[in-house]
Amino acid sequence: MKRAFALIGAMCVCLSGCTADKPRPAPSAAAPQPAPALKLVAFESCDDLLTGLRAAAQEAVGPWGLGGITRLNGATDDAARAAGGAEAKGAAPGAETFSGTNTHEFGVDEPDLVKTDGKRIVTLTGGGVLTIVDAAAKRVTGELNLTGAGDANGKRAGTATSLLLSGDRVLVLGYDYRRGGAIGPDNVKVPMGVQVTLVDIAGTPKVLGRYTTDGAIVDARQVGSTARVVVRSTPRLRFPDTSKLKDDEARLAANRSAIAAAPLSDWLPRWDAEDAAGKHTNGQFDCGSVSRPERYSGTAMLTVLSFDLGGPALGGGDPVTVVADGDTVYANGPSLYVASNQRWRVAMPMATTKTAPRFEPPRTQLFKFDISGAGKPRYVASGEVPGWLLNQYSMSEWDGNLRVATTDANERGEQTSSSVYVLKQDGGRLAETGHVGGLGKGERIYSVRFIATLGYVVTFRQTDPLYTLDLSDPAAPKAVGELKITGYSAYLHPAGAGRLIGVGQEATERGRVQGTQISLFDVHDPAKPTRLAQHQVPKSSSEAEFDPHAFLYWPETGLLVVPLFQEREAGALVLTVGDKSVTPAGTIRHPGQYTVISRSLVIGGTLWTLSDAGLKANDAVTLAEQGWLPL
């Protein structure tokens with residue numbers, strides 16, 4: 001089966017309070033001028049909420065509905081799932097050191113296909129079977145089907161896509177296909193609902209509870225035993241059949257009339273909680289605690305849900321909701337940010353004149369939440385920057401300053417260049433303190449990494465400029481170095497003092513990609529970055545280029561492992577990274593010519609690799625095979 005990597009969706013933010021400001025839908029007739037930092041305010045009443053949502057959705061709708069502006073509820077692949085450090089972790093007493101998920105920030109876990117506590121390996125197989133493996137004995141000790149058997153046509157009731165682990169509890173993220181979702185083209189209902197399942201794996205795996213809600217998962221983060229799940233939902237609007245109407249003006253009027261008649265319940269996400277005994281409680285999110293930014297489209301809601309993995313049940317999720325879109329999540333422990341890229345606006349004509357259509361330059365909205373406590377998150381600030389983000393690595397908070405790397409375009413969606421903005425919380429606003437621009441003119445960002453007061457940005461079109469940035473002064477960030485080489489790095493990983501590993505593609509001088517390459521950079525002197533070594537595999541690609549969860553670097557021994565697909569053969573490329581070298585150590589393969597290895601991890605002296613076919617154990621030094629577990 002094909003692994004489901006996508007976790008894209010939305011987030012709702014329920015806040016209290018009142019304001020005299022009235023909702024103002026996002027304008028669509030002209031390109032916006034540089035906007036002041038956003039702020040969130042509460043609706044005065046549920047009637048005020050409905051009025052604002054209707055007005056905003058009517059502004060956003062077109063002759064053929066909301067297509068092209070709002071996506072349907074459902075899981076779509078978010079190509080670059082951010083990740084950063086597979087730090088060595090101390091296991092439970094008596095267990096050996098092990099590698100965790102390669103994550104962006106230390107101490108902030110991210111959902112993935114496989115987890116380990118040094119004694120057990122917990123993974124998802126077959127689209128919804130939770131499998132527990134004893135790492136020392138190298139045997140399966142438990143299995144639990146979380147999605148049920150397929151129907152007469154083989155269609156499953158749902159799917160499980162990723163998981164989080166805390167002690168003897170596993171939080172599984174997935175979808176329940178039986179739950180009603182949004183109304184798609186031709187008034188066809190899209191049966192998709194987010195499902196969060198809490199499982200106890202202390203003995204025989206058993207379900208402690210399920211929570212289901214409308215929408216799709218954007219992402220999730222875990223600090224301690226508390227998980228924050230960010231969900232995106234779209235309104236369940238029912239548009240009339242406009243195919244027989246005479247022109248677009250009539251179609252638009254019909255769609256706006258349908259929105260004007262839509263009840264508030266069409267926008268508010270529904271939820272259902274099931275306990276271990278099968279008892280259900282359900283309802284809709286509270287209309288009195290929904291907030292909004294100053295500008296919004298009315299085509300999506302974002303929700304942050306909180307779950308305690310150490311609790312007896314999942315509960316109601318403590319939803320926090322905002323009328324906004326969102327697609328990228330970043331957290332550093334005390335703070336959680338959700339960004340709404342709105343990248344589609346680059347290619348979306350705002351108005352057509354006799355000469356040429358005009359385009360709205362892209363902007364990214366940012367919402368900050370305080371998650372320092374174990375309870376309900378607290379909204380604290382919002383902001384906005386020009387351009388669009390690549391992934392969560394485009395954001396990083398250091399010493400209270402949020403650094404954001406974006407690629408921007410002009411009013412026709414052309415002439416791209418990139419910048420890094422520094423934002424500081426000022427009351428309820430994320431206000432800019434400084435920025436550095438003009439990076440990679442005519443190119444776009446391919447990778448970003450912020451490390452303390454330094455930043456590294458890779459842009460690409462034909463050659464790969466690696467820019468080094470000095471961010472020590474938030475009011476005056478500056479580019480201090482540049483390295484131009486062929487190809488590009490799609491992921492950057494810190495490898496000790498003054499070293500940086502890049503995973504990407506080699507390319508010709510004209511920009512034609514040649515195959516996966518691993519680069520070792522010396523960035524000890526930010527003004528003079530150099531490449532010390534590289535290893536290239538012709539005509540190949542690696543999942544680690546777009547999903548850093550597939551990347552493993554074990555600094556204790558310099559072990560580096562990435563999945564590799566080359567000329568109809570798949571495997572895991574194993575390298576050794578030295579102070580000035582990158583040396584191939586071998587390739588691990590699973591049974592079957594096309595069996596794709598997706599993850600790797602270290603437990604003690606064993607290197608484990610995971611594919612849809614099973615788990616393989618190899619000696620982490622010699623790569624000698626130690627065992628094979630079909631899954």
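Student: In this structure, are K539 and E567 buried or exposed?
Tutor: The model is a predicted one. K539 has a relative accessible area of 61%, and because exposed means over 50%, this residue passes the cut-off. For the two residues K539 and E567 together, the class is exposed.

Student: How many residues apart in sequence are the parts that K539 and E567 tie together?
Tutor: The side chains of K539 and E567 form a salt bridge, with 4.0 Å from N to O. K539 lies in the loop between strand 38 (530-538) and strand 39 (540-541), while E567 lies in the loop between strand 41 (559-566) and strand 42 (569-577), so the parts tied together are apart in sequence by 28 residues.

Student: Which residue meets E384 in a salt bridge?
Tutor: The N to O distance of this salt bridge is 2.5 Å, and the partner of E384 is R363. E384 lies in strand 26 (residues 378-386) and its partner in strand 25 (residues 363-370), so the bridge ties together parts that are 21 residues apart in sequence. Both members of the pair are buried. The residue asked for is R363.

Student: Which residues are joined with R599 into one network of salt bridges?
Tutor: The side chains of R599 and E543 meet in a salt bridge of 2.8 Å, N to O. This pair links distant parts of the chain, 56 residues apart, with R599 in strand 44 and E543 in the loop between strand 39 and strand 40 (552-554). Salt bridges that share partners join R599 into one network with D112, E543 and D547.

Student: Why does R599 count as buried, and what is its relative accessibility?
Tutor: Buried means under 20% relative accessible area. E543, the salt-bridge partner of R599, is buried with a relative accessible area of 11%. R599 counts as buried because its relative accessibility is 3%.

Student: How far apart are the end C-alpha atoms of helix 2?
Tutor: Helix 2 (residues 248-261) has 14 residues, and at 1.5 Å a residue these should span 20 Å. The model agrees with this expectation, since the end C-alpha atoms are apart by 20 Å.

Student: Within what arc do the buried residues of helix 2 fall, seen down its axis?
Tutor: The buried residues of helix 2 are R251, N255 and I259. They line one face of the helix, because their arc, seen down the axis, is within 75°. On the other side of helix 2, E249 and A261 are exposed. The arc asked for is 75°.

Student: Against which helix do the buried residues of helix 2 pack?
Tutor: One of these buried residues is R251, with a relative accessible area of 11%. Beyond residues up to four places away in sequence, R251 touches P63, W64, T242, S243, L245 and K246. As a group, the buried residues of helix 2 pack against helix 1 (46-60).

Student: What distance separates the C-alpha atoms of V458 and S447?
Tutor: V458 lies in strand 32 (residues 454-460) and counts as buried at 1% relative accessibility. Its contacts, apart from neighbours within four places in sequence, include R444, I445, Y446 and S447. V458 and S447 are 11 residues apart along the chain, and their C-alpha atoms are separated by 5.2 Å.

Student: Which residues make a nonpolar surface patch of about 290 Å²?
Tutor: One of them, V596, is found in the loop between strand 43 (582-588) and strand 44 (597-603). V596 counts as partly exposed, because its relative accessibility is 44%. The patch is made by F565, Y594 and V596.

Note on methods:
Residues are numbered from 1 along each chain as its sequence is written. This is a predicted model: local features need pLDDT of at least 70, side-chain atom pairs count only at pLDDT 80 or more; totals for chains, interfaces and linings use all residues. Side-chain values use heavy atoms; hydrogens and water are left out. Patches are made of residues with over 30% relative accessible area and no salt bridge: like charges are joined within 9 Å, nonpolar side chains (Val, Leu, Ile, Met, Phe, Trp, Tyr) within 5 Å. Accessible areas come from the Shrake-Rupley method with a 1.4 Å probe; for residues, only the protein chains shown count as cover. Helices (H or I, at least four residues) and strands (E, at least two) are DSSP runs, numbered from the N terminus. Buried means under 20% relative accessible area, exposed over 50%, partly exposed in between (1.4 Å probe, protein chains only). The expected span of a helix is 1.5 Å times one less than its number of residues. The arc is that of the directions from the helix axis to the C-beta atoms. Contact means heavy atoms within 4.5 Å.
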